[in-house]
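Here is a short report on one model. Keep the sequence and the structure in view as you read.

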Amino acid sequence: MVKVKGKAGAKSAGFCMYIGPSIVGTIQQARILYGDKQDALAQISAAVEKYPLIATLVIPGDQVSEARIKVKTPGNLLYVNYHKLADRRKKEE
């Protein structure tokens, strides 16, 4: 089992989730990535290289529920990055 330090040194859930928009041929929304954030980013390195904002939307498992709320709430970085990525994706289609 992979142990990751999160808030107050607690163990995280051992996985991360991509909470950004789906990008056809690149990454699917709500994709589960096992390991800590560094491991997760290594698994999707090609997608992150093409769309660097993807890295900001990969969230450790123990923070997913609050991050999914933030991504839908204006006035925070997750919301801004989600919409920048969605707008960029639409321009490329």
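Where does Asn76 lie?

Asn76 sits in the loop between α3 (64–70) and α4 (77–92). Helices are DSSP runs (H or I, at least four residues), and strands are E runs of at least two, numbered from the N terminus. This is a predicted model: local features need pLDDT of at least 70, side-chain atom pairs count only at pLDDT 80 or more, and totals for chains, interfaces and linings use all residues. Residues are numbered from 1 along each chain as its sequence is written, and side-chain values use heavy atoms, with hydrogens and water left out.

Asn76 is buried, at 19% relative accessible area. Buried means under 20%, exposed over 50%, partly exposed in between (1.4 Å probe, protein chains only). Its side chain reaches the backbone oxygen of Thr73 at 2.7 Å. At the start of α4, a side-chain oxygen of Asn76 comes within 3.1 Å of the backbone nitrogen of Leu78.

## The two sides of α4

Buried residues of α4 are Leu78, Asn81, Tyr82, Leu85, Ala86 and Arg89. They cover an arc of only 130 degrees around the axis, so they lie on the same side of α4. The arc is taken from the directions from the helix axis to the C-beta atoms. These buried residues pack against β1, β3 and α3, with contact meaning heavy atoms within 4.5 Å. On the other side of α4, Leu77, Lys90 and Lys91 are exposed.

## The sheet

Three strands form an open sheet in the order β2-β1-β3, with antiparallel pairing. Strands pair if DSSP finds at least two bridges between them. The edge strands are β2 (32–34) and β3 (58–60). Three bridges join β1 (residues 15–18) to β2. Met17 has Ile32 in β2 as its bridge partner.

Key: A polar contact is a pair of N or O atoms within 3.5 Å; within protein, one must be able to donate a hydrogen and the other to accept it, and residues adjacent in sequence count only if both atoms are side-chain atoms.
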